[in-house]
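Biologist: Please take a close look at one part of this model and tell me how its side chains pair and pack. Then set that part against the rest of the chain.

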Amino acid sequence: MPSAVTAPLPPPARAAAGGDAASARRAWQYVDSLTPHLFVPTAERPVRAKLRELSGDTRVLPHQHAWAQLAISVTGTVHLRVPSATFVVPPRRALWIPPGVEHAVTLVETAELRTLYIYQAEGQCGPGPGDSAANLWRRCRVLEVSELMRALVCDLPTLPDDAPAPSAAQLARERHVSALLLDELRQATQLDLRVDMPRDKRLHSLCQAVLDDPLAHDSLQAFAHNSGASPRTIARLFRQELGCTYLQWRQQVILAKAVELGASGLAIGQIAAELGYTPSAFSAMVQRACGLSPVRFLGMQTR
């Protein structure tokens with residue numbers, strides 16, 4: 001198990017104003033990224049898999065790699081943070097992280113996290129050399145995980161380089177599985193579960209509070225009240241920093257939270273109630289924002 005340091009999370013804005021005191025006292029276990037040098041992908045072994053089970057309230061410190069990465073939560077929902085955005089990754093979804101992008105992981109519940117390190121040849125950025133020209137692989141992307149991709153991910157060996165070397169037959173099988181997995185990754189559907197974050201430190205802190213509790217600030221006026229700035233100033237900062245209104249940004253937070261709640265097994269009616277919607281209003285919001293039904297958007301086809 002990784003070494004960890006317990007540290008308090010700065011209280012969200014509502015707690016500071018006299019809200020949920022338990023939330024204000026929440027403690028996190030901070031851990032490092034753990035032995036990436038023992039799973040370095042190469043041209044001979046282009047996909048390396050690492051398996052970690054991490055408890056809830058764990059934060060993996062910011063780090064980056066020279067290779068591409070695919071983060072897949074087999075059980076539990078994780079939040080992956082890059083300098084300008086936060087992504088929600090529930091089971092059956094994966095996050096593609098291009099080479100050199102600093103990222104950190106937050107777990108709000110115990111999760112089995114499989115990380116794939118993917119070899120990138122000189123100038124490559126994508127599952128294969130032919131994908132490098134596509135700019136979509138040069139940014140983080142949340143992708144649907146098909147049943148085939150999930151099976152292939154779980155089939156890949158997770159032994160580090162300091163374990164006994166695999167046999168020729170094991171390496172041959174690993175290369176076949178890796179090739180099929182990369183082809184499946186190339187065809188995966190992208191989902192818009194990105195929540196952009198501002199650079200302004202004061203605004204960033206308040207946006208993080210909304211991420212922690214999406215119901216804490218249900219209007220621009222409530223958000224501005226806790227910032228100490230006027231609603232006009234906050235509205236201007238949102239336009240300048242994020243290119244949207246506060247309500248548009250908060251809707252993206254609500255959608256991300258809905259995915260997290262759906263992954264925990266709640267029914268659509270319960271999810272709507274948790275987020276302050278009636279079932280019909282929630283369905284209309286998801287359809288309008290994503291062009292998908294809540295069942296499809298939340299990945300609940302099999303329920």
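**Salt bridge and packing at one helix**

Modeller: Glu260 and Lys257 join their side chains in a salt bridge, at 3.4 Å from N to O. The term needs a side-chain nitrogen of Lys or Arg within 4 Å of a carboxyl oxygen of Asp or Glu. This is a predicted model, where local features need pLDDT of at least 70 and side-chain atom pairs count only at pLDDT 80 or more, while totals for chains, interfaces and linings use all residues. Residues are numbered from 1 along each chain as its sequence is written, and side-chain values use heavy atoms, with hydrogens and water left out.

Both partners, Glu260 and Lys257, sit in helix 8. They are three residues apart, about one turn of the helix. Helices here are DSSP runs of H or I of at least four residues, strands are runs of E of at least two, and both are numbered from the N terminus. Glu260 is buried, at 12% relative accessibility. Lys257 is partly exposed, at 22% relative accessible area. The classes use a 1.4 Å probe on protein chains only: buried is under 20%, exposed is over 50%, and partly exposed lies in between.

Now the packing. Two packed helices are described by the angle between their axes and the distance between the axes. Helix 8 (residues 246-263) meets helix 10 (residues 279-290), with the axes coming within 11 Å and crossing at roughly 110°. Axes are lines fitted to C-alpha atoms, for helices over the stretch in contact, and angles run from 0 to 180 degrees between N-to-C directions. So helix 8 is roughly perpendicular to helix 10. That label covers 65 to 115 degrees; under 35 is roughly parallel, over 145 roughly antiparallel, and the rest oblique. Gln251, Ile254, Leu255 and Ala258 of helix 8 make the contact with Phe282, Met285, Val286, Arg288, Ala289 and Cys290 of helix 10. Contact means heavy atoms within 4.5 Å. By class, this contact of helix 8 with helix 10 has eight nonpolar, one polar and one charged residues. Nonpolar covers Ala, Val, Leu, Ile, Met, Phe, Trp, Tyr, Cys and Pro; charged covers Asp, Glu, Lys and Arg; the others, Gly among them, are polar.

Helix 6 (residues 220-227) packs on helix 7 (residues 231-242) at about 100°, with axes 9 Å apart. Helix 6 is therefore roughly perpendicular to helix 7. From helix 6, Leu220, Gln221, Phe223, Ala224 and Ser227 meet Pro231, Ile234, Ala235 and Phe238 of helix 7. That contact of helix 6 with helix 7 holds seven nonpolar, two polar and no charged residues.

Back to charge pairs. The salt-bridge count comes to eight. One of them is Arg45 with Glu174, where the closest N and O atoms are 2.8 Å apart. Arg45 lies in the loop between strand 2 (27-31) and strand 3 (47-54), Glu174 in helix 4 (residues 168-186), so this pair links distant parts of the chain, 129 residues apart. Arg45 is buried at 17% relative accessible area. Glu174 is buried at 4%. Arg173 also forms a salt bridge, with Asp155, at 3.1 Å between the closest N and O atoms. Arg173 lies in helix 4 and Asp155 in helix 3 (residues 147-155), so the pair ties together parts 18 residues apart in sequence. Asp155 is partly exposed, at 36%.

Finally, the whole protein chain. It has eleven helices and 13 strands. Of its 303 residues, 46% count as buried.
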